[in-house]
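Good morning, and thank you for joining.

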Amino acid sequence: MPSDARPGNRREFLKRAGIAALAQPILARGTAWGEAAPPAAIAGLPPLKITDVRVIVTCPGRNYVLVKIMTSEPGLYGVGDATLNGRELAVATDLEKHIAPLLIGRDPEAIEDIWQYLYRGPYWRGGPIQMTALTGVDLALWDIKGKRAGMPVYQLLGGRTRVGALAYTHASGNDFTEVEDQVRHAMERGFQVVRAQVAIPGLQGTYGTSAKPKLGEAAPNSPATDLPATELFEPGPYLRTVPKLFAHLRSKLGDEVELIHDTHERLGPVEAARFAKDLEPYHLFFLEDLLRPEYKESFRLIRQHSTTPLAMGELFNTLWDCVDLIKEQLIDFIRCDLGHIGGITNARKVAALAEAFQVKTAWHGPADVGPAVHAANVHVDISIPNFGVQEMVFFPDVTQEVIPGAPEFKDGYMIVRETPGLGTDLNEELAKKYPYQRAYLPTARRRDGSVQDW
Ligand code: EZ4
Ligand code: CO
């Protein structure tokens, strides 16, 4: 590697690298004093440098945070998504003020090195804000690598293991018949797997349904502002209602359609074990997120009492959050959010760990992470051996105009674009027309007024 290929002038570099550069030939190549290896020529292409990192916050339908990484090659850039619902501006500030200055001049091809540097470099590592920022960078770098190689990202991950990613959508309603109609509708669209949620009688606002808390009822709702709504949750009515929903769905729809239910981390260990047992006769594809992420060890209790397949992980932020559940085979599906666990680089490691213990993937795929994360999901899904299922959304037209290229739904499967990179992009001019709007996820309380996990 010729020393004149690195950014800045050589004397300045030697000054920064100091004595180590003189003493150690390997360090003199630029690995000392926090410097990454300088950009190198690969496969006949000249060295590449990051020249700019732009952070774009836009609200085409809902808030999204995008990271656009520019390079020294004219026209070559990558776009990543760094959206964290309800804390968008914290991530944008982290990227703009703390991360961007560290990236300028680096080699965008060195994805793992940049990942490690941004994860372990700040000492205060992890957490959803930093891991979402890291995702934005990671996805933009994979996008650049794919574009430079002239290949869709899944090819760089080892190529296809399947034609498409089996997809699931959401069905919900205020009563069992409404949910049944929505499951039928999804099946008519081609879905083989459907998540079913129902409003719980007596509770105001139920996760996953359109039932909204009403002003003046039970739980105090926020005034009509952009502050969070308050929902009411009680485990008793929930535990009694949901098994009846699935009895209804099986009796009306038969055994063939695969059904999922999301508990959204709301139960205690014994409640969760009883719930999984009560749902056993209805043969769920999986039961999602029974417990708060703090209480992973309680999955042992659930496992001892039920054969309902279990999925967990959308609130996890690191590989190590996944280790115990996977190695003890306490879950059947690991469903990290690629947007909050550091992107493709970390997802591949989670998937490989899961493969070794017969756990499949079911990456989180909600509307509140942008098209680049959905594309990343599918690139990983179709290139690993232990893919399970993929949660998906249909983005509204306005989102697709500003952030084009989301994976497409076809005959029950997600299909990724065959263009080089992730396949997603950003219309920066159009994005400006949709400025950020403050928005929060709802919160929840119990009947006695105490805080409940939403
Ligand atoms: O509630 O992403 O499985 N899907 C989910 C999501 C989450 C939202 C929260 O921001 O649990 O709908
Ligand atoms: Co969920």
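Let me begin with a term: a polar contact here is a pair of N or O atoms within 3.5 Å. Please also keep in mind that this is a predicted model.

With that cut-off, consider ligand 1. A nitrogen atom of the ligand is 3.1 Å from an N or O atom in the side chain of His364. For Asp368, an N or O atom of the side chain is 2.3 Å from an oxygen atom of ligand 1. Arg195 places a polar side-chain atom 3.4 Å from an oxygen atom of the ligand. In total, 14 residues surround ligand 1, and the closest are Tyr207, His264, Glu288, Glu314 and Asp368.

Three strands form an open sheet in the order 1-2-3, with antiparallel pairing. Strand 1 and strand 3, residues 77-81, are at the edges with a single partner strand each, so one side of each has no neighbour in the sheet. From one strand to the next, the twist averages 20°. Strand 2 and strand 3 are joined by five bridges, and Val67 stands opposite Gly80 in strand 3.

Finally, helix 3. This helix spans residues 88-103 and bends by about 35° at Leu95. Leu95 is also one of its buried residues, which include Glu88 and Asp94. Which elements cover these buried residues? Among them are strand 1, strand 2, helix 4 and helix 5. After helix 3 comes Gly105, with a positive phi near 90°.

How values were computed
Residues numbered from 1 in each chain as written. Chains lettered and ligands numbered in written order. Predicted model: local features only at pLDDT ≥ 70, side-chain atom pairs only at ≥ 80, totals over all residues. Heavy atoms only, no water. Bend = angle between axes of the 7 residues up to and from the residue. Helix = DSSP H or I, 4+ residues; strand = E, 2+ residues; numbered from the N terminus. Buried < 20%, exposed > 50% of the residue type's maximum accessible area, 1.4 Å probe, protein only. Contact = heavy atoms within 4.5 Å. Pairing = 2+ DSSP bridges. Axes fitted to C-alpha atoms, helices over the stretch in contact; angles between N-to-C directions. Near = heavy atom within 4 Å. Polar contact = N/O pair within 3.5 Å; in protein donor to acceptor, adjacent residues only side chain to side chain.
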